[in-house]
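Let's take a walk through this structure together, one stop at a time. Please have the sequence and the 3D view ready.

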Amino acid sequence: KPSKEHPKRPILGFDCPRSEVSGARLWGWAKETYGRPEHFFRQFYILNFCPLIFMEESGRNLTPDKLPASIANPLEDACDWHLQELTGLLEPEWVVGVGGFAETRARSALGSASVRIGRILHPSPASPAANRDWAGTATRQLVELGIWNEQAVIPCNTD
């Protein structure tokens with residue numbers, strides 16, 4: 001546990017009873033589509049651009065795009081560097097931002113890299129579009145980008 005934590009958001013690790021809607025939607029789509037994690041990860045790697053949480057005094061999430069520039073700029077520099085390093089190691093054909101912020105950061109960080117960049121809808125419940133069949137919308141967007149199709153799915157019942 002960190003020495004200082006928000007009283008409304010204690011760090012509970014795997015004992016945490018809360019579910020996060022965005023993650024549940026994303027990982028639910030992966031499980032529904034691919035069945036087993038190893039099938040999904042044969043084609044995809046998911047990186048959280050900024051794997052930190054920031055909170056308002058109330059305990060409400062404060063997203064990185066809402067941080068003051070004095071905090072956001074060095075944070076984005078570090079996250080950009082990490083994305084550049086990982087992209088250099090994995091050499092993906094595509095980097096797909098989950099949401100506009102992620103796409104913008106990928107374009108900024110990887111502008112000179114030989115990787116194609118796209119975007120799918122962020123699964124946040126704050127987005128009205130995400131609340132209307134997020135999985136179907138994200139699937140259509142991946143198909144429109146030309147990086148996913150039904151034939152690319154490994155059937156759930158095979159190893």
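Does Pro 64 count as buried or exposed, and what is its relative accessibility? This is a predicted model, and in it Pro 64 has a relative accessibility of 19%, so it counts as buried. The cut-off for buried is under 20% relative accessible area. You will find Pro 64 in the loop between α2 and α3. Leaving aside residues up to four places away in sequence, Pro 64 touches Cys 50, Ala 72 and Phe 101. Phe 54 is ten residues away from Pro 64 along the chain, and the C-alpha atoms of the two are separated by 7.6 Å.

Now step back and look at the whole chain. Five helices and two strands make it up, and from the N terminus on they follow the order α-α-α-β-α-β-α. The C-alpha trace spans about 50 × 40 × 30 Å along its principal axes. The chain has 159 residues, and 32% of them count as buried. If you take the contacts between residues at least 6 apart in sequence, 51% of these join residues at least 24 apart.

Next, turn to the aromatic rings. The structure holds eleven aromatic pairs. One of them brings together Tyr 34 and Phe 40: the ring centres are 5.6 Å apart and the planes stand at 75°, so this pair is edge-to-face. Planes over 60 degrees apart count as edge-to-face. Tyr 34 and Phe 40 are both buried.

Tyr 34 also pairs with Phe 44, again edge-to-face, with 6.0 Å from centre to centre and 80° between the planes. What does this pair tie together? Tyr 34 belongs to helix α1 (residues 21–34), while Phe 44 sits in the loop between α2 (37–40) and α3 (69–90), so the pair ties together parts that are ten residues apart in sequence. Like Tyr 34, Phe 44 is buried. Both of these pairs involve residues of a cluster in which ring pairs link Trp 27, Trp 29, Tyr 34, Phe 40, Phe 41, Phe 44 and Trp 148.

From the rings, let's move to a pocket. Rolling a probe the size of a water molecule over the atoms shows where empty space is left. The second largest pocket holds about 170 Å³ of space. Its lining is formed by Lys 4, Glu 5, His 6, Ile 53, Met 55, Glu 56 and Glu 57. Sorted by class, that lining comprises four charged residues, two nonpolar ones and one polar one.

Glu 91 is not a glycine, yet it has a positive phi of about 50°. Glu 91 lies in the loop between α3 and β1 (94–98). Is Glu 91 buried or exposed? Its relative accessible area is 65%, so Glu 91 is exposed.

Asp 133 is likewise a residue other than glycine with a positive phi, here near 60°. Look for Asp 133 in the loop between β2 (116–120) and α5 (134–145). With a relative accessibility of 46%, Asp 133 counts as partly exposed.

Technical notes
Residues are numbered from 1 along each chain as its sequence is written. This is a predicted model: local features need pLDDT of at least 70, side-chain atom pairs count only at pLDDT 80 or more; totals for chains, interfaces and linings use all residues. Side-chain values use heavy atoms; hydrogens and water are left out. Rings of Phe, Tyr and Trp (its six-membered ring) pair if their centres lie within 6.5 Å; planes under 30 degrees apart count as stacked, over 60 as edge-to-face and the rest as tilted. Buried means under 20% relative accessible area, exposed over 50%, partly exposed in between (1.4 Å probe, protein chains only). Helices (H or I, at least four residues) and strands (E, at least two) are DSSP runs, numbered from the N terminus. On a 1 Å grid over the protein atoms alone, a cavity is a set of points where a 1.4 Å probe fits but cannot get out, and a pocket is an open set with protein on both sides within 12 Å along at least five of seven lines; lining residues have an atom within 4 Å of a point. Grid points are joined across faces, edges and corners, and a volume is the space filled by probe spheres set on the points. Ala, Val, Leu, Ile, Met, Phe, Trp, Tyr, Cys and Pro count as nonpolar, Asp, Glu, Lys and Arg as charged, and the others, Gly among them, as polar. Contact means heavy atoms within 4.5 Å.
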